[in-house]
Amino acid sequence: GVSAYRGRNAKDGALRAFLDAIELNLVPPNSYLLIESLDRLSRDKILAAQALFMQILQAGVHIVTLTDQRCYSLESLNRNPLDLVISLVSMMRANEESEVKSQRVRAAFAVRRSRLAEKPWSRRCPGWLRLDKEAGRFVVVEERADIVRGIFRDVLAGKSHRVVARDLNERRVPLFGHGNQTGKIWQGSLIRHILYTPTVVGTLVPFVTDYTDGVRRLRPQPPVENYYPAIVDRRIWDQIQAKREAWVQQYNVGFPRNGRSNLLAGLSRCPFCDRTMVVVGSRYERWRYFICRLAYSGVGCSDRWVRYPGIEDALTIDIDDVIKSCPRVPVQPEVRSHALRQITNRLRVLRRQQASLASEHATLRRSGRPVLEAEHATAAEIKRLLADRKRIWTDRPQWQDLMLGKRLERLRVIAKASPLDRKELHLMFESLFTKVVIDWEHGQLVFHWKHGETSAVKALMEPLRQVKNPRRRVNPRYAPGERAPALPLVAR
């Protein structure tokens, strides 16, 4: 299900796992890769597609295309160079087909964008609007528009995005919008989007998709005025934008930054409700804290703040403890049987080769150097295979996943590098963990590994802060894991 048009299947998909297995010598020579046709392997530019094609063949793997019943290998290409020409033509045709389809879709979208003033693009619209099919225009849902206007009034009065979201949650204001929000609660990011989107003043900004250096980017197009009915006065919206610009200039925020302030962004979980934990606090690194997303939004769970710096130290300075805690990959019976079968077959071939080399001593008065080198190499490989077979037979848990070991070694190098590449380290954590539970009651981090096991390491989380705002004494407080009743959802 991963596109081969721009080579993404060779970077993120199952094909990437197959290429990694080839690099780690987990795919034995003379194996066969079965594909429907060469356009399933790659639909990328011809040079990139040919490089991927030759990479697999040079690893000793045969590529079989089931549509035309062809088998490609280094031997077949050397024997019949016309097969290489056929493969190149097939990959060129696949790329041209995808390119033509892309151009046609872009042209069709360009025509629809040129008619936006006459006909709506689709029925999709902001949550405070709906499409009147008979009239062919959008109409305002007043009860939802009043909520949006209230958000603007609160922000102009000096409330922050977080405080506005928390007030909406505590007043149990119904959610609305596409999907009714994944978190099912009002959040600061949603308030920020409502404040800064020009749709509230009736303006639509179309985007087109562009690929630069293999990266997908959205390019804004000229805005379409009066596409939607305006629900906020333009003067009020301009005041919000001016306030945002002043905030950006004063605190130097709103610009792209290198790295990540939170190394566990998207991975950290509350030990009680399993919701995401977010980082709050000042801009100083030593005064930042984790807090449960529900408590942050005022809809439940514990409001204890957990110190972040000690957790980051456990993920960088004490990374060896994390790597040592990694559970061993369980070896499935079929995997173990396959490995033993491969070793047995290889040993049979090597012993026949060893017997053939030994027979030359009887026919030659003195063996040549190539014969002796080949005999020594064969004996060394037989010795290594026998040791591998003994290890698999006698001590199965020590037969580690080589790909996991490679990633763990890469993790150690990145975590101990100076200066620390925070973005790369975060990507490594995402490739290894499904989630990391911040168990502050027991002072440990619980890692849920992607290969299905868990482990725990100690981390310094003291002191824990329990923030009690005297202005909010009338609001309910929640026990760990407890949450407020779900907000009412408004169907579109």
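Biologist: In which strand is Tyr32 found?

Modeller: A word on the ground rules: this is a predicted model, where local features need pLDDT of at least 70 and side-chain atom pairs count only at pLDDT 80 or more, while totals for chains, interfaces and linings use all residues. Residues are numbered from 1 along each chain as its sequence is written, and side-chain values use heavy atoms, with hydrogens and water left out. Helices (H or I, at least four residues) and strands (E, at least two) are DSSP runs numbered from the N terminus. With that in hand, Tyr32 sits in strand β1.

Biologist: Which are the edge strands of the open sheet of three strands?

Modeller: Two strands pair if DSSP finds at least two bridges between them. Here the order is β1-β2-β3, and the pairing is mixed. The strands that pair on one side only are β1 (32-35) and β3 (70-72).

Biologist: What is the bridge partner of Leu34 in β2?

Modeller: Start with the pair of strands: β1 and β2 (residues 62-65) run parallel and are joined by four bridges. Within β2, Leu34 has as its bridge partner Val64.

Biologist: Is Tyr32 buried or exposed?

Modeller: Buried means under 20% relative accessible area, exposed means over 50%, and partly exposed lies in between (1.4 Å probe, protein chains only). Because its relative accessibility is 54%, Tyr32 counts as exposed.

Biologist: To how many salt bridges does the count come?

Modeller: A salt bridge is a side-chain nitrogen of Lys or Arg within 4 Å of a carboxyl oxygen of Asp or Glu. By this rule, the count of salt bridges is 21.

Biologist: By about how much of the helix are Asp20 and Arg16 separated in α1?

Modeller: Their side chains meet in a salt bridge, 3.1 Å from N to O. An α-helix has 3.6 residues a turn, so residues three or four places apart point the same way. Asp20 and Arg16 are four residues apart in helix α1 (residues 14-23), so their separation is about one helical turn.

Biologist: Is Asp388 buried or exposed?

Modeller: Asp388 forms a salt bridge with Arg384, and their closest N and O atoms are 3.4 Å apart. Arg384 is partly exposed, with a relative accessible area of 44%. Asp388 has a relative accessibility of 17%, so the label for Asp388 is buried.

Biologist: Which helices do the buried residues of α7 pack against?

Modeller: Helix α7 (residues 161-170) is mostly covered, with seven of its 10 residues buried. Among those buried are Val164, Ala165 and Leu168. Contact here means heavy atoms within 4.5 Å. The buried residues of α7 pack against α6 (142-156), α8 (188-196) and α10 (293-297).

Biologist: Which residue in the turn between β12 and β13 has a positive phi of about 65 degrees?

Modeller: Strands β12 and β13 (residues 444-449) pair in the antiparallel sense over six bridges. The two form a hairpin with four residues between them, and the residue with that phi is Gly443.

Biologist: Which strands stand at the edges of the sheet of four strands?

Modeller: That open sheet has the order β8-β12-β13-β14, with mixed pairing. Each edge strand has a single partner, so one side of each is left without a neighbour in the sheet; these strands are β8 and β14 (454-458).

Biologist: What angle in degrees does the direction of helix α16 make with that of β12?

Modeller: Five of the seven residues of β12 (residues 433-439) are buried, so this strand is largely enclosed by the rest of the structure. Helix α11 (residues 309-316) lies across β12, β13 and β14, at about 50 degrees to β13. Helix α16 (residues 422-432) packs on the sheet too, touching β12 and β13, and its direction makes with that of β12 an angle of about 100 degrees.

Key. Axes are lines fitted to C-alpha atoms, for helices over the stretch in contact, and angles run from 0 to 180 degrees between N-to-C directions.
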